[in-house]
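Subject: Handover of a structure and notes on it

Dear colleague,

I am handing over the structure below for your use. My notes on what was found in it follow directly after.

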Amino acid sequence: MVLGIQIIGFVFAVAMIYFTYLYFRRRQFDMKDFIIWLIVWILLVIAVLIPSTVNIFLESLGIVSAIQLFAITGVLFLLAVVFFLHKSVRTQQKKLNKIVKAIALEKVK
Amino acid sequence: MKVAAIIPAYNEEEHIARVIQDTKKYVDKVIVVDDGSTDKTYQEAEKVKPDILLKHPINSGKGLALKTGIEAALIKNMDIIITLDSDGQHNPADIPRFLEYFKKNKLDLLIGARKLNKNMPIVFKIGNYIIQKTFKILFGVDVKDTQSGFRILKTKIYKKIIWNSTGYSVEAEMLANAGKHKLKIGELPIKTVYHDKAKGTTVIDGVVIVLNMLRWRLTR
């Protein structure tokens, strides 16, 4: 029997596959981004439609249910995403500051 | 010795012209950096013709505006830099007294310490006290006002005290770097006038400054 949460998870994953493809077509994602995110969403589809696939991890990790596994891996994944986004924003900010300063100083030289 | 005043400005259309005019009397060059203002700060500054008027295409913070100004002063071979705020809280008439003290005591950096008077909002007093004590504990530099924007420095120390902060942590970071390089730091009292209590450092800025101090202590 398909549970409501499975339907939500599946619809979410399919929508994200669509956006991943869209951004790739618009060249906002390069091939590396496209493949990484596609793998993430496909793994989510598999885990949502066939929850038994994650059972092999449950026992070895000492986790009681698949929902707990999703929650824990989800939080860890989000933390990693925030970390890398933070690093990326910092890098962009430094580049932007350099450009702003250079534009302002153009007429001094 | 050629002296330049650097005035970083963000949305200060009301005060900027007067600050520039008053400052012009005491220095060789006035350098104004409009930090992407959305009001008529640039136009108002232009009317009174500062020696150099620069504009950031987007608002990037006081720290970057100061860097832009100092680098312009370096290009123009200035020897001494004076920084002051564009909101009119500092009195440019203090400049000669400061320059004299700066030269006489052969200082690298001189800070205009704001007096704790009734004009100063209570939140500023408490914030300044916490920042001052934290600074002394972490960096061993005992100054009464780590946040004052009224400063005099030698251009040649710029590379030593260069900061990464773009916002209100810039003054503290500048001082922390000066302390680290054992530069000669002095302090003289100044009077300040607060025209707009809604502007300037907020409580959140104060917390960020203290957290940044801890980070600088741990990473440098």
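Two residues are said to be in contact if their C-beta atoms, placed from the backbone, lie within 7 Å. On that basis, residues 24 or more positions apart account for 75% of the contacts in chain B with a separation of 6 or more. In chain A, residues 24 or more positions apart account for 41% of the contacts with a separation of 6 or more. Please note that this is a predicted model.

Chain A as a whole

Chain A contains 4 helices and 0 strands, and the order of its elements from the N terminus is α-α-α-α. Its radius of gyration is 20 Å, well over the 13 Å that the globule rule gives for 109 residues, so chain A is more spread out than a compact globule. Along the principal axes, the C-alpha trace of chain A spans about 70 × 30 × 20 Å. Of the 109 residues in chain A, 6% count as buried.

The pairing of helix 1 and helix 2 in chain A

How do helix 1 and helix 2 of chain A pack, and at what angle? Helix 1 (residues 4–25) of chain A and helix 2 (residues 31–49) of chain A have axes 9 Å apart, at an angle of about 165°. Angles over 145 degrees count as roughly antiparallel, and helix 1 of chain A and helix 2 of chain A are therefore roughly antiparallel to each other. The crossing of helix 1 of chain A with helix 2 of chain A is left-handed.

On the side of helix 1 of chain A, the residues that meet helix 2 of chain A are A:Gln6, A:Gly9, A:Phe10, A:Ala13, A:Met16, A:Ile17, A:Thr20 and A:Phe24. Their counterparts in helix 2 of chain A are A:Phe34, A:Trp37, A:Leu38, A:Trp41, A:Leu44, A:Val45, A:Val48 and A:Leu49. Sorted by class, this contact between helix 1 and helix 2 of chain A has 13 nonpolar, 3 polar and no charged residues.

One residue of helix 4 in chain A

A:Phe77 belongs to helix 4 (residues 66–105) of chain A. Is A:Phe77 buried or exposed? A residue counts as exposed if 12 or fewer other C-beta atoms lie within 10 Å of its own; A:Phe77 has 11 other C-beta atoms within 10 Å and is therefore exposed. The C-alpha atoms of A:Phe77 and A:Arg25 are separated by 25 Å, and these residues are 52 residues apart along the chain.

Where the chains meet

The contact between the chains takes 8 residues from chain A and 15 residues from chain B. On the side of chain A that touches chain B, the residues divide into 5 nonpolar, 1 polar and 2 charged.

Chain B as a whole

Chain B has 8 helices and 7 strands. Its radius of gyration is 16 Å, close to the 17 Å that the globule rule gives for 220 residues, so chain B is as compact as a globular protein of that length. Taken along the principal axes, the C-alpha atoms of chain B fill a box of roughly 45 × 35 × 35 Å. Of the 220 residues of chain B, 46% count as buried.

The axes of helix 5 (residues 122–139) of chain B and helix 8 (residues 203–219) of chain B come within 10 Å and cross at roughly 0°. That makes helix 5 of chain B roughly parallel to helix 8 of chain B. Among the residues that meet are B:Val123, B:Ile130 and B:Phe135 in helix 5 of chain B, and B:Val203, B:Met213 and B:Arg217 in helix 8 of chain B. By class, the contact of helix 5 with helix 8 of chain B has 9 nonpolar, 3 polar and 1 charged residues.

Helix 7 (residues 170–180) of chain B also has its axis within 10 Å of that of helix 8 of chain B, with a crossing at roughly 25°. Helix 7 of chain B is thus roughly parallel to helix 8 of chain B, and the crossing is right-handed. The contact is made by B:Ala172, B:Glu173 and B:Ala176 of helix 7 and by B:Ile209, B:Asn212, B:Met213 and B:Trp216 of helix 8 of chain B.

B:Asn128 lies in helix 5 of chain B and is buried, with 21 other C-beta atoms within 10 Å. Leaving aside neighbours within four places in sequence, B:Asn128 is in contact with B:Asp145 and B:Gln147. The C-alpha atoms of B:Asn128 and B:Gln147 are separated by 7.4 Å, with the two residues 19 residues apart along the chain.

With kind regards

How values were computed
Residues are numbered from 1 along each chain as its sequence is written. Chains are lettered from A and ligands numbered from 1 in the order in which they are written. This is a predicted model: local features need pLDDT of at least 70, side-chain atom pairs count only at pLDDT 80 or more; totals for chains, interfaces and linings use all residues. Axes are lines fitted to C-alpha atoms, for helices over the stretch in contact, and angles run from 0 to 180 degrees between N-to-C directions. Helices (H or I, at least four residues) and strands (E, at least two) are DSSP runs, numbered from the N terminus. Angles under 35 degrees count as roughly parallel, over 145 as roughly antiparallel, 65 to 115 as roughly perpendicular and the rest as oblique. A crossing is left-handed if the near helix is turned anticlockwise from the far one by less than a right angle, and right-handed if clockwise. Ala, Val, Leu, Ile, Met, Phe, Trp, Tyr, Cys and Pro count as nonpolar, Asp, Glu, Lys and Arg as charged, and the others, Gly among them, as polar. The radius of gyration is taken over C-alpha atoms; the globule rule is 2.2 Å times the number of residues to the power 0.38. A residue is buried if 20 or more other C-beta atoms lie within 10 Å of its own, exposed if 12 or fewer, and partly exposed in between; C-beta atoms are placed from the backbone.
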